[in-house]
Amino acid sequence: APAPAPAPAPAPAPAPAPVAPDESAMPAWRQGIAVGEWRQVAGTALSSAPIAVQTYPSIGYSGPVSKIVAWSGFAVDTRDSSIYSAANGGHMDYAGNEVNRIRLSDNAPAWTEPRPATPVEKTVKNATHYSDGRPASRHTYYGTVVNEQRNRTMLFSGARWGDGYSLFNLDGFNLATNDWDAARTYPDAPSGDVGPANGWGTVGHKASGDVYVFANFNVMRWSNASNTWSRVLSNAAMYGQYAASAVDTRRNRILVVGGNANDQAVYEVATNTSKKVTFSGAEAGSLSGDGNGMVYDPLLDAYLLRKGGAGGTVYRINAETFAVSVLPTSGGAQLPATANGVWTRFLYVPKLKGVVYFPSYSGGMWFLRTS
């Protein structure tokens, strides 16, 4: 008899109603920004981060700029509004697997390097880990997630240093010790279910710590509680590759948009079901494309989607009706285009009541206040 299907994830407790923070409690750089205003924040370029161990130019074609331009994403720790870049680079672009952090709750946030890169002599091409046991540099796509229950920044998938082939290993960076957990602490994603392609739709569920992966019309779940993978749904309504996704915490569902198959579908976490949705409104046809960035803003009760072009345009998707409009903004005319996708460098930061965006290596962070 066939094995029983995995049980759906237990429904977390309903999210409490969001409370708007007091503006006077905001860090200095954040004060005075109006709702709907884009503003670039001085001193926040990733290029300003220290690099204690140099791997470039002795190896790699592009250098540390690849931490942004080489199909790379970041992750946010909502407890202190820190942003992490972990082992970004990969393929033949950049071998450095350093971890960078910027804490946006600081009055003058600046990038630091909690964990330097593995030295050149210990890097290994075409491998999951270097010879010091730390994970290889990779294009991270959507696969960087902060797990606040485990106090880890975690990597799910990527295109490895060397030949750029897919990585299925899962790794955790301990935010208390500032070092990586031992290799194979976590199980590999089932390669037969996610297939050989890179750039799966990947999103963490903050309430449970679980991570959902949308690949090959499968919905995969890494369980935070048991540290195991399971295929929770087959023949799903979304294909998943290069598609943006975000968790609607009010309805406990995940919207998956764009990518190779121009996905327009939702996954219901509590019932373990999926269905296609129809966008409406004048901008309904504007959400396609690979590597877009998308978040859910609970104060707006809307998904916000950012594409890679220049300018300040952000699309607002009503989380209940899926009506699409352009979010009214100002100050974004000088915002540059990004190279090779937005991925998860467009992030909602609850305590700041807005989103941050890192379009370039040398140009610094942009902040958009949304409420």
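Two strands pair if DSSP finds at least two bridges between them. In this predicted model, four strands form an open sheet in the order 15-16-17-18, and their pairing is antiparallel. Strand 15 and strand 18 (273-276) are the edge strands, each pairing on one side only. From one strand to the next, the twist averages 20 degrees.

Four bridges join strand 17 (residues 263-268) to strand 18 in the antiparallel sense. E268 has T273 of strand 18 as its bridge partner.

## Nonpolar cores

The largest nonpolar core has 22 residues, of which L255, F279, L287, M294, Y303, I317 and F322 touch the most other members. Two or more residues of this core come from each of strand 15 (244-248), strand 16 (253-258), strand 19 (293-297), strand 20 (302-306) and strand 21 (315-318). Another core, of 21 residues, lies apart from it and includes A49, V76, W111 and F367.

Leaving aside residues up to four places away in sequence, L255 touches A244, S245, A246, A265, V266, V277, F279, M294, Y303, I317 and F322.

H129 lies in the loop between strand 5 (111-115) and strand 6 (138-139). Its relative accessible area is 11%, so H129 counts as buried, the cut-off being under 20%.

The side chain of H129 makes polar contacts with the side chain of T128 (2.8 Å) and with the side chain of D171 (2.8 Å). Not counting residues up to four places away in sequence, H129 touches V124, R134, P135, A136, N169, D171, A183 and R184.

Conventions: Residues are numbered from 1 along each chain as its sequence is written. This is a predicted model: local features need pLDDT of at least 70, side-chain atom pairs count only at pLDDT 80 or more; totals for chains, interfaces and linings use all residues. Side-chain values use heavy atoms; hydrogens and water are left out. Buried means under 20% relative accessible area, exposed over 50%, partly exposed in between (1.4 Å probe, protein chains only). A polar contact is a pair of N or O atoms within 3.5 Å; within protein, one must be able to donate a hydrogen and the other to accept it, and residues adjacent in sequence count only if both atoms are side-chain atoms. Contact means heavy atoms within 4.5 Å. A nonpolar core is a set of buried Ala, Val, Leu, Ile, Met, Phe, Trp, Tyr and Cys residues joined through side-chain atoms within 4.5 Å. Axes are lines fitted to C-alpha atoms, for helices over the stretch in contact, and angles run from 0 to 180 degrees between N-to-C directions.
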